[in-house]
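Hi,

Here is the structure I promised to pass on.

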Amino acid sequence: VILRRQDDDGKLVETPAETRVLSQYGCLVTCPLRPKLRDELTLFWPEGQRSAHARVVFRMLSAPSQLVELAFEFLDTNNFWGIEFPPDLESSKR
């Protein structure tokens, strides 16, 4: 995916990220960008030609590579990846 945000001058900045884990609720990526917790960005998936607004909910620096692991939750979509995920265990117990 590509992480998109605006810099202090209002210019669009794009940072490539390696997707590690997919979820219907968000994703985990590795990249050099270091946003703060709760920062909101746009995730763009070039192959799927779609984008989604997302919030950082976890971040951890990977010391040897100086990359950051970021977990995002989607704010405006429920099927960003176009994958039919299995139902949640909690909702199936109801």
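A term to start with: I call a residue buried when its relative accessible area is under 20%, exposed when it is over 50%, and partly exposed in between (1.4 Å probe, protein chains only). Please keep in mind that this is a predicted model, where local features need pLDDT of at least 70, side-chain atom pairs count only at pLDDT 80 or more, and totals for chains, interfaces and linings use all residues. Residues are numbered from 1 along each chain as its sequence is written, and side-chain values use heavy atoms, with hydrogens and water left out.

On to the sheet. Helices (H or I, at least four residues) and strands (E, at least two) are DSSP runs, numbered from the N terminus, and two strands pair if DSSP finds at least two bridges between them. Seven strands make up an open antiparallel sheet, in the order β2-β1-β5-β6-β7-β4-β3. The edges are β2 (12–16) and β3 (18–22); each has a single partner strand, so one side of each has no neighbour in the sheet. Between β4 and β7 (residues 67–74), which run antiparallel, there are six bridges.

Now the aromatics. I paired rings of Phe, Tyr and Trp (its six-membered ring) if their centres lie within 6.5 Å; planes under 30 degrees apart are stacked, over 60 edge-to-face, and the rest tilted. That rule gives five aromatic pairs. One of them joins Phe 80 and Trp 81, with ring centres 4.7 Å apart and planes at 80°, so it counts as edge-to-face. Phe 80 is buried because its relative accessibility is 2%, and Trp 81 is buried too, at 7%.

Last, the backbone. Most residues other than glycine have a negative phi. Arg 38, in the loop between β4 (26–31) and β5 (40–45), has a positive phi near 75°; its 65% relative accessibility makes it exposed. Gln 49 also has a positive phi, of about 50°. You'll find Gln 49 in the loop between β5 and β6 (50–62), exposed at 60%.

Cheers
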